[in-house]
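Start with the structure below.

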Amino acid sequence: MRERAIELMQDARLIDGHNDFALQLRILYQNRLSRVSIKEINKTHTNLVKLQAGYVGAQFWSVYVLCSAQNKDAVRLTLEQIDVVKRMCNSYDELELVTTSQGDAPSCKSILKNVIVGGIKIACLIGIEGGHSIDSSLAALRMYYDLGVRYMTLTHTCNTPWSESSSKGIHNFYPSVTGLTAFGQEVVKEMNRLGMLIDLSHTSYSTAKAALSISKAPVIFSHSSAFSVCNHSRNVPDDILQELKKNRGIIMVTFNADVLACGRKVVNISTLADHFDHIKEIAGSESIGIGGDYDGVERFPEGLEDVSKYPSLIEELLRRGWNETELKGVLRENFLRVFREVE
Amino acid sequence: MEEQQQPHSTAVPPGCFPPGMRLLRRHGGGWLWGGWSPSQTRHRTQAGKLNPQPSQAGTARVSRGRAAPSRRRWPGGSVWVLVLALALPSTGQQYLEEAERIMNSTPVIDGHNDLPWQLLRKFNNQLGLPGANLTVLNDTHTNIPKLRQGHVGGQFWSVYVPCETQNKDAVRRTLEQMDVVQRMCDLYPETFSCVTSADGIRQAFRSGKVASLMGVEGGHSIDSSLGVLRSLYRLGARYMTLTHSCNTPWADNWLVDTKDENPVHHGLSAFGKMVVQEMNRLGMIVDLAHVSVDTMKAVLNISKAPVIFSHSSAYGICPHRRNVPDDVLRLVSSTGSLVMVNFYNSYVTCSDKANLSNVADHLDYVKKVAGPGAVGFGGDYDGVTGVPTGLEDVSKYPALVAELLARNWTEQEVKLALAENLLRVFETVEEVKRTLQDTAPHETPIAFEELEGSCRTSYGYSNGASTAQRPPAALALLLALAPLLSVLF
């Protein structure tokens with residue numbers, strides 16, 4: 001099974017929807033890349049060697065900035081995070097910044113395989129986590145797109161003046177906002193026009209419903225799991241999953257132990273695989289992807305401690321009867337489909 | 001009295017205006033000249049006492065073989081004077097026509113125009129509003145028909161945001177101004193071509209469009225962040241004026257040279273030097289308009305690439321601290337840099353009134369002190385309210401060029417000032433970027449204590465220190481944050 005998983009992943013490398021390594025670079029090194037070797041750093045879940053061992057072919061690096069920067073220096077901080085991701089992807093041959101669905105097409109990879117000794121290039125993509133990063137400015141949104149950002153999570157754990165978060169009580173911003181305001185709808189429409197993916201992780205139920213109804217393009221959940229399996233506010237209820245299927249969007253299932261296991265002490269690969277099974281039942285495997293949230297949370301299931309462990313998940317799904325086509329979809333094809341349609 | 005103009009002593013490339021064919025200074029009530037205009041195919045020789053000089057073969061016009069010595073063909077002196085007296089009223093027109101001819105192939109690249117700020121003030125950047133139609137907008141210095149009439153071929157649009165945004169929303173507002181310029185280019189594609197390189201400007205010239213670039217006006221726009229500086233470069237900004245009329249945490253502005261403010265950094269702080277170095281590495285032109293004299297000198301000494309003053313004039317004529325003093329002009333000359341003369345009355349005559357001739361005085365002055373390679377145009381249109389008679393709006397550049405021609409500027413010198421000097425500086429800046437391409441980006445953040453304002457967070461700075469990271473301390477911070485993180489994610 002293990003070999004099958006590896007073989008599969010060699011052919012269809014993972015596109016992971018969400019990783020907060022850039023945040024760690026800020027916290028640990030003040031974005032000073034000269035002080036760290038990305039290849040072997042071992043303080044974090046992520047490093048280049050582990051990504052390659054995990055058969056990760058493309059990674060969305062989150063340029064998250066704390067909610068507490070809302071109405072303060074969120075824009076500046078977001079630009080700094082975008083800058084550190086770009087410098088990182090520029091400094092290492094193993095990484096390459098990509099901004100289109102063609103950028104990580106399989107054919108492109110196989111050419112690169114011959115060029116890079118000892119490894120394949122990992123495509124870097126950029127995602128903003130939290131609408132507070134645009135400071136309610138469509139111009140800022142456009143400029144982020146120009147800089148290469150390809151998704152924006154509409155909220156993090158705080159409301160913006162135009163969208164509601166699923167987290168209550170962590171921050172006290174804009175408490176009366178529900179769902180999407182009129183301006184929030186403008187934001188969604190502008191994202192459609194630009195070709196930026198709309199990410200609904202962290203958003204409230206009403207925000208997700210509103211976005212799903214007005215977006216002309218498929219949307220994503222870059223790192224959320226199934227509410228029916230564990231009723232955490234970060235997870236997606238069945239009816240929204242059904243909307244998502246109609247929308248032809250994708251939920252990139254996340255590995256955060258706290259949202260997987262609802263307080264159960266034992267959280268392992270099987271717990272995670274239950275979420276996959278459930279979502280496949282409700283929305284079909286073509287609506288599924290993977291968004292680990294490594295380096296963004298602390299607790300991961302046993303067996304999935306860092307970014308080298310993805311094959312173990314694929315192994316488990318194979319064991320549960322998932323076939324290769326479905327798994328290739330989960331690994332990359334579903335996401336590529338969504339990305340192409342958004343473009 | 002007839003004055004004989006000597007050929008210019010500064011290097012005039014061969015094949016240019018032959019020395020014998022010069023424009024003479026004012027004589028009595030009108031102008032005498034010994035040149036030619038496009039509307040007349042015959043040559044005129046100098047009326048009067050200039051030494052006849054053989055025409056140079058290099059210029060196509062001269063190759064008609066009409067050497068000055070063969071003046072015998074022409075009627076005698078008094079008839080000449082009569083002819084010229086009759087022709088006098090039209091010589092001004094001839095300079096203008098000559099100016100237009102030159103500008104047809106070498107339009108002006110102006111260093112600084114604040115139309116984007118007007119778009120914000122008047123329309124909140126809503127370019128779709130009917131009143132914002134740039135083909136008919138009539139209460140600004142700038143609109144599309146005027147740009148055409150003025151032979152404007154290249155424009156650095158200022159993405160200025162006021163000093164009061166410093167430590168507040170300066171970054172976001174700068175992004176908004178950059179966005180409005182890009183949308184302007186998208187909305188009027190027959191007129192504007194948004195470009196980011198010297199080659200881009202040349203291509204726009206060839207296609208007859210206004211090459212449009214962006215200049216950040218004031219270091220407060222980057223909020224002391226090199227990451228933001230790099231992002232603005234990636235978004236297309238190609239110069240940054242280091243300060244507007246306020247200090248940044250790392251550079252002093254011109255007001256510290258007046259009674260109004262005291263110097264803080266006496267030029268550039270250590271971080272300020274990193275900003276300049278990073279700009280050199282990126283290939284972003286350093287602009288020294290609005291900075292203090294110490295800042296000017298500090299930059300001219302450390303920058304690896306030539307710099308510009310995008311809209312400043314000559315202190316030697318009008319001792320306003322926004323202008324460039326002579327010793328700095330000499331540094332401008334020795335570094336191959338450029339002063340793009342500002343038309344604002346207060347900087348031209350140090351009073352609230354000025355005329356076109358006063359502006360030409362500044363251009364003459366800079367040419368004299370710093371050389372013809374150091375002169376340019378930086379009108380500051382739509383950034384100021386008092387502009388000179390004769391230069392009321394952006395359609396008037398040809399009139400100014402005509403004045404320069406009347407003052408004996410050669411065609412080559414005029415072309416240098418119009419565009420070639422800026423292109424040279426820009427290309428050198430791009431070359432310096434290439435030589436620096438293997439150097440690493442600067443990544444030392446500014447010390448947190450150097451920053452002001454409460455609209456900022458401090459995360460990423462461990463324990464307030466911006467230098468050495470000791471792993472245990474950093475881990476302690478991470479562990480301290482961990483419970484918070486796990487709740488958040």
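In chain B, the axes of helix α12 (residues 356–370) and helix α13 (residues 397–406) come within 10 Å and cross at roughly 60°. The model is predicted: local features need pLDDT of at least 70, side-chain atom pairs count only at pLDDT 80 or more, and totals for chains, interfaces and linings use all residues. Residues are numbered from 1 along each chain as its sequence is written, chains are lettered from A and ligands numbered from 1 in the order in which they are written, and side-chain values use heavy atoms, with hydrogens and water left out.

**Helix crossing in chain B**
- α12(B) and α13(B) are oblique to each other (under 35 degrees is roughly parallel, over 145 roughly antiparallel, 65 to 115 roughly perpendicular, the rest oblique).
- Their crossing is right-handed (the near helix is turned clockwise from the far one by less than a right angle).
- α12(B) makes the contact (heavy atoms within 4.5 Å) through B:Leu356, B:Ser357, B:Val359, B:Ala360 and B:Leu363.
- α13(B) contributes B:Ala399, B:Leu400, B:Glu403 and B:Leu404.
- By class, this contact has 7 nonpolar, 1 polar and 1 charged residues.

**Helix crossing in chain A**
- The axes of α9(A) (residues 238–247) and α11(A) (residues 269–283) come within 9 Å and cross at roughly 60°.
- That angle makes α9(A) oblique to α11(A).
- The crossing of α9(A) and α11(A) is right-handed.
- A:Asp238, A:Leu241, A:Gln242 and A:Lys245 of α9(A) meet A:His278, A:Ile279, A:Ile282 and A:Ala283 of α11(A).
- The contact divides into 4 nonpolar, 2 polar and 2 charged residues.

**A buried helix**
- Among the buried residues are A:Tyr310, A:Pro311, A:Glu315 and A:Glu316.
- A:Gly321 follows α12(A) and has a positive phi, near 95°.

**Aromatic pairs**
- There are 20 aromatic pairs over all chains (ring centres within 6.5 Å; planes under 30 degrees apart are stacked, over 60 edge-to-face, the rest tilted).
- A:Phe60 and A:Tyr151 have ring centres 4.7 Å apart and planes at 35°, so the pair is tilted.
- A:Phe60 lies in strand β2(A) and A:Tyr151 in strand β5(A), 91 residues apart.
- Both A:Phe60 and A:Tyr151 are buried.
- B:Phe156 and B:Tyr239 also form a tilted pair, 5.1 Å centre to centre with 35° between the planes.
- B:Phe156 sits in strand β4(B) and B:Tyr239 in strand β7(B), 83 residues apart.
- B:Phe156 and B:Tyr239 are both buried.
- A:Phe60, A:Tyr151, A:Phe335 and A:Phe339 form one aromatic cluster.

Methods. Axes are lines fitted to C-alpha atoms, for helices over the stretch in contact, and angles run from 0 to 180 degrees between N-to-C directions. Helices (H or I, at least four residues) and strands (E, at least two) are DSSP runs, numbered from the N terminus. Ala, Val, Leu, Ile, Met, Phe, Trp, Tyr, Cys and Pro count as nonpolar, Asp, Glu, Lys and Arg as charged, and the others, Gly among them, as polar. Buried means under 20% relative accessible area, exposed over 50%, partly exposed in between (1.4 Å probe, protein chains only). Rings of Phe, Tyr and Trp (its six-membered ring) pair if their centres lie within 6.5 Å; planes under 30 degrees apart count as stacked, over 60 as edge-to-face and the rest as tilted.
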